[in-house]
Every structure is written in C-alpha cells, then in structure tokens.
Amino acid sequence: MKKLIVIFPGVGYGLDSPLLYFADFVYETNGFERIHLNYQSIFSNRELSLEKKLEKVREYILEQVKDVDFALYDEVVFLSKSIGSVEAGMLAHRLGVEVIQIFITPIEEAISYCNNNSYVIIGTQDKAYQIYKEYCDEHNIKALYVDDANHSLEVANKPYESIDVLKNVMQFIER
C-alpha cells in the first residue's frame, strides 16, 4: 500500500516544533512517503503585505506538489497546523484530490474544508474552539478537544500535561 503525507506548518509553528516533528515521525514509521512544506520565510518577509505573502505561499505549495501524481497513492493525508489548514484545504479543493485532512488548531477560515474525511484537534483555550466544536459536533466530524490547551496545544504552566497532550494527539492522528 502506497501512502503519502503532506505537512503544512503554521506561521510561527514549523516542522521542528513538537506537534509537527512527532507527527512526521509517526507517519514515517508507518510507511508514509512525506512532503514537508516550509514557507515560514515567506511569512517572515516584512516587506510583503499579507495578501502578497499568501499568494507567494500558494505559488510555493503548487510548485512543491506539481509533479506528484496523487492517484498513485492508496492513502493521502494532508496534516496542517493553524494557517496551514487553509492552505491544505484549498490545495485539496483546487486539485480535486480526496485526502484525509488532519487540522491541528485550524483557523476559522478553514472550516469550510472540514468534512467526513477530516480530523480536528483544538484546545478549549483556542480562539476558534467554539466555532469548531459546534461545527464538528453538528457535522459528525472526528475531533479531539483538548481541555485547557491554547493554540499551540499547550496547557499554561503545566509542561507535563502538555507532553501528555502531545502523546494523545499523536495517538488520535496515527494512521
């Protein structure tokens, strides 16, 4: 069985941050081919407007996947963090590819991309929590709600609880 995961980081949450680093590790050990997107330098360019940054990020993503024949894979996972959730949703929609979307602390703008092939992980202290809780519950979307966790899925002033959250998230997303 041929499997692929594409990882879409957040603006300030890169591939070396715990959630994405360990997700990549889990998927690697489960036999997935992996594509790591790294567009943080685009977002950190202070000379560009947000609109121009998003345009450049989308160009970069399309360039990175232009030679990928998604039809060759039995399973394709798009794993995204924060603003990456919008990019992952847009890419799947644009390419017309059916993927499993794993949205880690998605921003509100990604909600239209949530469907029955989606997994949502969000902390109760995240500003988008309430909208995702209502949407996921109403549409029967698989979700993990993390008590007292913020947008980084950390529990304030509780490092060991935060480590437990990391483990629970990895178990929830493992394929």
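## Surface patch and helix packing

In this predicted model, Tyr21, Phe22 and Phe25 together make a nonpolar surface patch of about 300 Å². One of these residues, phenylalanine 22, is found in helix α1, which covers residues 18-29. Phenylalanine 22 counts as partly exposed because its relative accessible area is 33%, a value that lies between the 20% limit for buried and the 50% limit for exposed residues.

Serine 162 belongs to helix α6, residues 159-173, and it counts as buried because its relative accessibility is 14%, which is under the 20% cut-off. Once neighbours within four places in sequence are left aside, serine 162 is in contact with Glu154 and Val155; a polar atom of the serine 162 side chain lies 2.9 Å from the backbone nitrogen of valine 155.

The two residues for which accessibility is given can be set side by side.

Helix α4 comprises 12 residues, 84-95, and reaches 16 Å from its first C-alpha to its last, close to the 16 Å expected at 1.5 Å a residue. The buried residues in α4 are Gly84, Ser85, Val86, Glu87, Ala88, Gly89, Leu91 and Ala92, and the elements against which the buried residues of α4 pack are the strands β1 (3-8), β3 (75-81) and β4 (100-104), together with helix α3 (50-65). Just after α4, glycine 96 adopts a positive phi of about 65°.

Technical notes. Residues numbered from 1 in each chain as written. Predicted model: local features only at pLDDT ≥ 70, side-chain atom pairs only at ≥ 80, totals over all residues. Heavy atoms only, no water. Helix = DSSP H or I, 4+ residues; strand = E, 2+ residues; numbered from the N terminus. Expected span 1.5 Å × (residues − 1). Buried < 20%, exposed > 50% of the residue type's maximum accessible area, 1.4 Å probe, protein only. Contact = heavy atoms within 4.5 Å. Polar contact = N/O pair within 3.5 Å; in protein donor to acceptor, adjacent residues only side chain to side chain. Patch = residues over 30% accessible without salt bridge, like charges linked within 9 Å, V, L, I, M, F, W, Y side chains within 5 Å. Areas by Shrake-Rupley, 256 points an atom, 1.4 Å probe, with all protein chains shown as cover. Salt bridge = Lys/Arg side-chain N within 4 Å of Asp/Glu carboxyl O.
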